[in-house]
Amino acid sequence: MELGLKGDEIRVVPHEAGWHKAFVAVQQQIEQATGLAANRIVHIGSTAVEAIEAKPIIDIMVGVDTLEDVPTSFFDACKAIGFYRLRVVRENEMILARFVDTTFAVKTYIIHLVAYEGEKWQDFTIFRDELRASETLRAEYEALKKAYIAKFDGNIVGYTEHKEAFVKRVVQEGKDKL
């Protein structure tokens, strides 16, 4: 199974069945290390959607009661299983990553730490579920990602911004169905 990207490298690969098993193994590690319930540790992102090409990094959403006072012990527990907090600044979200080794060059897993059942939690869940439910959306999203990669080299920030309007549209359409 192929897993990991260096620095700002951006590429997508065909879906691999092993991604779900890799998520489940890490979910159990996070659950045991932090004491969080399994329902607060969920698989998101394209690797959680069958039949779509994805960056070979497992995205995991972890829900805590509030981001304002996450205890140091939580980050210590994550570090003990190889997850380090990144200096990435995102609204209502903290980012942690696991790397292949101590050079911190190749990321394999990303934790999106958010408020459990808060707005970010809802948005990530809706986006994943809408992609799972629609072959048309999966094809559109995959084409969007590939178009960016064909035109630009590297720059994860640009890649994320390129997808933003699509993601917002899909999330809003999912919310409108509720």
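This is a predicted model: local features need pLDDT of at least 70, side-chain atom pairs count only at pLDDT 80 or more; totals for chains, interfaces and linings use all residues.
How much space lies in the largest pocket?

1. Residues are numbered from 1 along each chain as its sequence is written, and side-chain values use heavy atoms, leaving out hydrogens and water.

2. The largest pocket holds about 1,500 Å³ of space. Its lining has 42 residues, and Arg90, Glu93, His112, Phe124 and Thr160 are the closest to the centre. (A pocket is an open set of points on a 1 Å grid over the protein atoms alone, where a 1.4 Å probe fits, with protein on both sides within 12 Å along at least five of seven lines; lining residues have an atom within 4 Å of a point.)

3. Two or more lining residues come from each of strand E6 (106-115), helix H3 (119-133), helix H4 (135-151) and helix H5 (156-177). H5 gives the most, with twelve residues. Helices here are DSSP runs of H or I with at least four residues, and strands are runs of E with at least two.

4. Now to helix H2 (residues 72-80), where Phe74, Phe75, Ala77 and Cys78 are buried, meaning under 20% relative accessible area with a 1.4 Å probe, protein chains only. Seen down the axis of H2, these residues fall within an arc of 155°, so they line one face of the helix. The face turned away from that buried side carries Thr72 and Ala80, which are exposed (over 50%).

5. After H2 comes Gly82, with a positive phi near 95°.

Note on methods: Grid points are joined across faces, edges and corners, and a volume is the space filled by probe spheres set on the points. The arc is that of the directions from the helix axis to the C-beta atoms.
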